[in-house]
Amino acid sequence: MQIGYYPGCSQEGTAKEYDKSLREILKILNVDLTEIDDWSCCGATSAHVTSHKLSLALSARNLALAEKQGMKEIFAPCAACYNRLASSKTELQNHQEQKYEIETIIEEKINNIPEIYNIVNFFQKVGKEKITEKKKTDLKNLKAACYYGCLLVRPNGINTDDSEQPDSMEEIVKATGAQTVDWNFKLECCGAAHSIARTDIVVDLSKKILDDAQKHGANVMIVACPMCHSNLDMRQKNIKSKFSDYKVIPVLYLSELIGLALGLSKKELGIDTHFIEFDLPIKNNVQEEVSA
Amino acid sequence: MENKNQDPKIVAFVCNWCTYTGADLAGTSRLKYQPNVRMIKLPCTGRIDPVFIIKAFEKGADGVLVSGCHPGDCHYNAGNYHARRRWIMFHKLLDYLGIDESRLHFSWVSASEGKKFVDVVNAFTNKVKAKGPFKKYENINKEFVING
Amino acid sequence: MKIGVFICHCGENIGRTVDCARVSKAAGFFPNVVHSVDYKYMCSDPGQNIIKQAIKDLQLDGVVVGSCSPHMHEKTFRKAVADAGVNPFLCEIANLREHVSWVHDDMDVATDKAIDLVRFAVEKVKRNAPLKTIQVPVTKRTLVIGGGISGIQAALDVANAGYEVVLVEKEPSIGGHMSQLSETFPTLDCSQCILTPRMVEVYQHPKIKLLTYSEVEKVEGFIGNFKVTIRKKARKVDDTKCTGCGDCMQKCPIKKKALSEFDENLTTRSAIYVPFPQAVPNIPVIDTEVCTYFKNGKCSMCKKVCGRDAIFFEQEDQMLTEEIGAIIVATGYKLYTIDKKPKNSEIKGYGEYGYGKYKDVIDGLQFERIASASGPTSGEFKRPSDGKEPKKIVFIQCVGSRDESKGFSYCSKICCMYTAKHAMLYKHKVHDGEAYVFYMDIRSGGKMYDEFVRRAIEEDGVKYIRGRVSRIYEENGKYIVKGEDTLAGVPVEIDADMVVLATAMIAQPEASKLAQTIGIPYDKYGYFVEVHPKLRPVESSSGGIFLAGACHSPRDIPDSVAMASAAAAKAMVLFGSDMLEREPTIALVNENLCAGCFYCKKVCAYNAIEVKQIFDRQGNFVKEVAYVNSGLCQGCGTCNATCPSKSIELIGYTDEQIYAEIAALM
């Protein structure tokens, strides 16, 4: 299977391990990713809060490149990239005049915009049974709280899942053998880009999310967004220093969880680079069979 | 969007119960559409003889629109099913008749779909306009005179 | 032929965009047109007199009126023409309002189009034949579909006037949603107390044939002469023997598996059951989905305990046919269930409210059951999850209504009132309780309605917050309701013990299927459509089929009852005469041309084509030809289009007329 790949800026910076783990597991699952040549910013954050047209044009440029390079489907692992690309796709398809204007700005024609997958859609496409098939490690000790964040399934209508009560990520997590918990704050705000300027806000918001997940029995958080990951993972130390009775909880990317299931090591997946150490007991079925 | 020019000329064969009433609804909702379509009201799309369509082209129409109740909603139970079957057969003869298939449009517009009626009329008018006038039958009547 | 053309300005409705003087002037030059005028209101009395006078003065024998849609005033003008002595079918309408002036802006373009439409009508009327209306007999029996309050009211009204009624209800009992309600606004009288006497009256009425647990399967025929096939579903109980003692229900070992539909899934019922104790008829039904006997044949407890030997496991569905003259459709509504976005649906759902996930987030009808003295808690306020008395209830209005992005764009009309009622009922019983209502607008038009809402706010202290709720989640046994107070401009968070969602009223899920069965139009939501929204609000466009209650649009009890009585009156108008006049636009066979291929017979949906044998003067058989039964033919014209020799023609829409119209177009 061959799919276009839009890594986005985080995959080469703060979320290096997200990219690394993805590439590792896709080797095992036999999926080839072709990076969009000459990709640029997706139009998130600074662009879309200052100029709607700019954010649209930035997305459109990447979509036009993908189309020109013959891609029918593209995969954007970062939730913000996915959200920008998918929203722009909907907008370009539904507003002809807007589309003409954007085409003039980017000096490219847009005809058939490729399908855009977020990480959950992507693994739905790959097939969760493929994960179950190649599973090597028993993850049943993991009680995962799937955290979608604000971008992965919104706005209403760009994604097939319910934008307010989603459950598609749980399906993939269950395929790895881990358990999932039912909790309240799957979509609550983590504080996002306030992380640097107003750490206090992020500390409060992230704590709410992490507390609720633990209260409902979770021992690991599963995320699909570099921003969510950095807030929930990195800011736990700040939470701990502010609230001494706070209990930390490891935060994994969905790809890392799948990687563990497929038998990859924490180092191979980059889990060792996280702030909160992942030290939950998991069993390697293959080794067990050998020792037995 | 108003088109001053009366070209192209489009004839619409519509049923009384759904599309004609849908066009009435477009009126009561004050939706605007292009003025090129002239409607001929029939009780049911089942009444439409394919010859009507050929006749319209012969008399100088540049496009023909046929519209009735959605399948299952026919006021006369099954008239639109007959229309649909005839359409499937007739459709294949168009090429033989020298009529470009895109000059003929078949659609379902119900009595509650005033907006859809407007969309169908505008889209079809634009399509026919882009095609230009239908000239294949221009000399038919003249030839008859010469030969006859 | 001498034709008169009359162009109406419709006040300014046509005159504003169509140059009526130019149209009438142009029409004056059309062949055969001898008279052409325009006037401000042609449909008014003086307007009609202009037409009548012209007919008399100029001996006109054809009339074309350029006015509003023929669906609006064709009848008016045809009658005026007939009054002046010309056959009404020699009058044609050019639709200059709905199809011209209201849909175009440019005066020149609109006027040109108007002239074209008048030319068509002139060409058509030239070829019209003088026709006589057809007389058909009327069966003076009414079918009422649906046994809720609307159906009950309509049935009683028609029956009390002395006409027979067949009342069909698909559930085991009549009563509908009204029987589930606790108390009704704005008087707060008990719903069951006012409804059950009516239900009994229906049951005992000598003119009403009550068919519960039955559904309409097929409708044939036409106004005054319907033939209706009804499926009487198998109750598995012989209703002639059953006395309604209830022993079978008490002994039925299955008590927990089936959820009670009547209690909106808040309680369970036995496999053999009546929906509620006051059910009419009080005859149980066996739910074959859960009954052990129908699963493995092992239990037959009910049969053993029945003293009358009324249990009849082998009973099968029965088909009944009824001769009917008028049909009143009163199939009611359903509440929109919002637990999760249904697959492949346009409705996006309200997952954020946790309905279906949290036991104490309930809908309006569930709250009615809890508040009802006959309900699962005997009218005491206890929440479903743990039976504790809720001290704080949040009510959310417009869940699904007035929400184009996630639900339906229409207003469900009753929720403002019933939410005020709910909050009031709660405050009357739980004095120290707090009731909050999130609303968008309060729409309480109606007699004593706004006063009622004011009472809830001012006397009972219900707290109204203008704004929407974004999310509900559970925390330590409380439901955290996060919303916005748009008047104060602040976010609000309420820790409620229970949440009640005023979910939208929607059409019955099978409404469109029923509409197709009986042949009436429905809108995109599945609500049935009336002929004219103002002047003919209870008639469907199919003759002899009338609409009553919430199957037409969301409405409350007084509105439904009023509409039901109106529909009943319409049915009785039909029964006022023995013969009925029908449009004469039917098919006619030219027996000389007909070759007897009978393709027409194959395509006719009404079985209106018969085989007629032709004999010569000596009595020798010549040939078989098609013959149209004028009582059955509905005038669709499918036969005409099918006929290879064009020997069958639809009067009023003959090939000649249509070709003339086509020719006039260009």
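**Nonpolar cores, a helix pair and the contact of chains A and C**

In this predicted model, the largest nonpolar core holds 232 residues, of which Phe123(A), Met221(A), Leu254(A), Leu143(C), Ile327(C), Val329(C) and Phe367(C) touch the most other members. The largest share of this core comes from helix H12(C), which supplies eight residues. Around Phe367(C), when residues up to four places away in sequence are left out of the count, the residues touched are Ile362(C), Phe381(C), Ile393(C), Phe395(C), His422(C), Tyr426(C), Met498(C) and Val500(C). Another core, of 68 residues, lies apart from the largest one, and includes Ala56(B), Val5(C), Ile51(C) and Val122(C).

Helix H12 of chain C, which spans residues 415-429, packs against helix H13 of chain C, residues 449-458, at an angle of about 35° and with the two axes 9 Å apart; the crossing of H12(C) and H13(C) is left-handed. On the side of H12(C), the contact is made by Met417(C), Ala420(C), Lys421(C) and Met424(C), which meet Tyr449(C), Phe452(C), Val453(C), Arg455(C) and Ala456(C) of H13(C). The residues of this contact comprise seven that are nonpolar and two that are charged, with no polar residue among them.

Between chain A and chain C, 15 residues of chain A are in contact with 16 residues of chain C. The two chains bury about 1400 Å² between them, and 34% of this area lies on carbon and sulfur atoms. Of the area that chain A buries against chain C, 39% is supplied by Glu164(A), Gln165(A) and Asn184(A), more than by any other three residues.

Methods
Residues are numbered from 1 along each chain as its sequence is written. Chains are lettered from A and ligands numbered from 1 in the order in which they are written. This is a predicted model: local features need pLDDT of at least 70, side-chain atom pairs count only at pLDDT 80 or more; totals for chains, interfaces and linings use all residues. Side-chain values use heavy atoms; hydrogens and water are left out. Axes are lines fitted to C-alpha atoms, for helices over the stretch in contact, and angles run from 0 to 180 degrees between N-to-C directions. Helices (H or I, at least four residues) and strands (E, at least two) are DSSP runs, numbered from the N terminus. A crossing is left-handed if the near helix is turned anticlockwise from the far one by less than a right angle, and right-handed if clockwise. Contact means heavy atoms within 4.5 Å. Ala, Val, Leu, Ile, Met, Phe, Trp, Tyr, Cys and Pro count as nonpolar, Asp, Glu, Lys and Arg as charged, and the others, Gly among them, as polar. A nonpolar core is a set of buried Ala, Val, Leu, Ile, Met, Phe, Trp, Tyr and Cys residues joined through side-chain atoms within 4.5 Å. Buried means under 20% relative accessible area, exposed over 50%, partly exposed in between (1.4 Å probe, protein chains only). Buried area is the accessible area (1.4 Å probe) that two parts lose on being put together, summed over both.
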